[in-house]
Amino acid sequence: MAAFSQDEIDALGTRAEAMVNALGAISAEPDRLVRLFLTAEHRRAADRVAAWMREAGLEVTADARGSVRGRLAGPKRLLIGSHIDTVIDAGKYDGPFGVIAGILAAEHFIRGDERLPFGIDVLAFGDEEGSRFPATLSSSAACAGAFRTENLKLADRNGVTISDAIKAYGKSPDDIPNAAYKAGEAAAYVEVHIEQGPVLETRNQPLGVVTGIIGQTYLNIEFLGEAGHAGTVPMVLRRDALAGAAEAMLLGERLARETKGEVVATVGRITVLPGATNVIPATVVVVFDIRSASESAHAGLVETLKNGIREIAERRHLGLTITTPRQVGITPCHPAIQDQFAEAIRALGAEPLRLASGAGHDGQAMAKLCPIGMLFVRCRGGISHNPMEYASPRDLGLAVATLIGFIERFDPEKVG
Ligand code: GLV
Ligand code: MN
Ligand code: MN
């Protein structure tokens with residue numbers, strides 16, 4: 001087993017931080033970080049990652065969705081990945097650090113004397129955030145052989161479909177099935193990620209072992225009212241779609257609050273048409289993001305919310321369409337992978353705290369292929385999806401060293 005001195009851990013952290021900063025500089029906008037799936041910025045970040053993988057000694061390919069794959073050959077493979085797309089006005093660490101940790105860990109085994117009884121694939125996915133198209137995790141789903149072909153028709157805000165975007169990126173949608181791993185080829189998928197919450201910082205621990213990823217539902221609610229003159233139509237005669245949506249949003253907030261922390265519900269995206277100050281809103285689409293670690297509390301809230309929204313639409317004489325573009329159950333992390341991460345953390349002198357992930361991750365899709373596991377890294381103030389996101393180089397170095405320790409302990413037979 002490799003034994004790391006504090007200087008070696010700090011050197012790994014300094015390298016990781018420099019790489020995080022290099023990717024953080026690749027943005028569609030000069031004043032904030034925006035790197036969306038299948039855009040020119042995605043291409044630049046993917047090229048940067050591919051170059052690092054080659055420098056580390058990995059053999060590099062890219063699949064039909066632009067996911068970069070760096071391979072260290074071996075009979076069965078441990079997959080290590082994360083994503084390089086971002087939310088709008090993002091932090092630098094969410095996603096890229098997991099890819100970077102994978103590259104630095106693989107490099108350790110390529111350069112050193114230790115020989116592994118399995119291969120490694122480092123994966124850089126491009127569609128974890130769902131910031132461009134109304135679908136998420138479709139890159140990892142393609143690797144897991146679970147890509148939904150109907151998603152190719154989904155369009156971004158400019159009407160560009162995923163299918164068109166893949167072609168513009170220089171790839172072919174027909175090749176998506178080739179991205180899938182064959183049954184039995186992947187021993188496990190693991191991901192290193194900043195926690196995106198405050199638990200590790202509060203408990204004064206740099207690292208945490210993830211027990212599982214919460215269940216998640218997206219409810220797409222479209223209210224259909226009637227456009228009219230904001231100055232002439234009496235209040236009682238209006239069919240205002242936005243007023244209905246506002247009631248629905250407050251209902252979602254109240255129901256989630258009543259669960260006392262079991263369920264969280266958010267509306268972060270709303271479309272109002274025609275969208276003019278002096279026109280009564282005719283069409284409004286709101287998307288609820290509902291998450292919970294309890295299957296029953298989650299299902300109960302979704303049902304109550306949908307019934308409440310139907311009642312609001314009826315009372316206000318609004319048309320209503322409800323669709324569910326995303327529904328994922330709770331994804332457990334494999335107990336043996338949790339234990340191997342815990343041992344690797346303990347070997348570095350830290351306490352392996354166990355915690356659930358409230359954020360979504362590519363592991364939710366990869367779990368359809370193989371057992372999964374995750375390692376969390378403390379981030380300042382628990383802040384994420386925000387340019388203030390920060391993790392210290394020392395914690396980043398510890399995370400890379402832990403990933404290396406995990407790989408040394410990893411036994412494909414124990415997760416089979
Ligand atoms: C991704 O970061 C998500 O949890 O939505
Ligand atoms: Mn992420
Ligand atoms: Mn994110």
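Figure 1. Cysteine 143 is buried, with a relative accessibility of 0%. The model is a predicted one. The number of disulfides comes to zero, where a disulfide would require two cysteine sulfur atoms within 2.5 Å. For cysteine 143, the nearest cysteine sulfur is that of cysteine 370, 10 Å away, and cysteine 143 is in no disulfide. Cysteine 333 is likewise in no disulfide, and its nearest cysteine sulfur, again that of cysteine 370, is 12 Å away. The relative accessible area of cysteine 333 is 3%, and this residue is buried.

**Figure 2. Glycine 416 and cysteine 370.** Glycine 416 is found in the segment after α12 (412–415). With a relative accessible area of 98%, glycine 416 is exposed. The C-alpha atoms of glycine 416 and cysteine 370 are 8.7 Å apart in space, while the two residues are 46 apart in sequence.

**Figure 3. Protein donors of the manganese ion (ligand 2).** Three residues supply the protein donors of this ion: His83 (NE2), Asp94 (OD) and His193 (NE2). The donors lie 2.0 to 2.3 Å from the manganese ion (ligand 2). Along the chain their spacing reads H-x10-D-x98-H. Aspartate 94 and histidine 193 are 99 residues apart and link distant parts of the chain. Aspartate 94 belongs to the loop between β3 and α3, and histidine 193 to strand β5 (residues 186–194). Aspartate 94 and histidine 193 are both buried.

Figure 4. Aspartate 94 has a relative accessible area of 5% and is buried, whereas histidine 385, at 44% relative accessibility, is partly exposed.

**Figure 5. The open four-stranded sheet.** The strands of this sheet come in the order β8-β9-β7-β10, with antiparallel pairing. β8 (263–273) and β10 (319–328) are the edge strands, each pairing on one side only. On average, neighbouring strands are turned by 15 degrees against each other, direction ignored. The antiparallel pairing of β8 with strand β9 (residues 283–292) extends over 10 bridges. One residue pair to locate in this view is valine 264 and its bridge partner in β9, arginine 291.

**Figure 6. Helices α7 and α8 lying across strands of the sheet.** Helix α7 (residues 241–258) lies across β7 (215–224), β8 and β9. The direction of α7 is at about 10 degrees to β9. Helix α8 (residues 295–315) lies across β7, β8, β9 and β10. The direction of α8 is at about 5 degrees to β7.

**Figure 7. The contact between helices α1 and α2.** The axes of helix α1 (residues 6–24) and helix α2 (residues 40–56) come within 10 Å of each other and cross at roughly 155 degrees. Angles over 145 degrees count as roughly antiparallel, and α1 and α2 are therefore roughly antiparallel to each other. On the α1 side the contact is made by Met19, Ala22 and Leu23. On the α2 side Ala45, Arg48, Val49 and Trp52 take part.

**Figure 8. The surroundings of asparagine 151.** Asparagine 151 sits in the loop between α4 (138–143) and α5 (162–168). The relative accessibility of asparagine 151 is 14%, so this residue counts as buried. When its neighbours within four places in sequence are left aside, asparagine 151 is in contact with Ala135 and Ile162.

Terms used: Residues numbered from 1 in each chain as written. Chains lettered and ligands numbered in written order. Predicted model: local features only at pLDDT ≥ 70, side-chain atom pairs only at ≥ 80, totals over all residues. Heavy atoms only, no water. Buried < 20%, exposed > 50% of the residue type's maximum accessible area, 1.4 Å probe, protein only. Pairing = 2+ DSSP bridges. Helix = DSSP H or I, 4+ residues; strand = E, 2+ residues; numbered from the N terminus. Axes fitted to C-alpha atoms, helices over the stretch in contact; angles between N-to-C directions. Contact = heavy atoms within 4.5 Å. Donors = N, O, S within 2.8 Å, 3.2 Å for Na, K, Ca; no water. Parallel < 35°, antiparallel > 145°, perpendicular 65-115°, else oblique.
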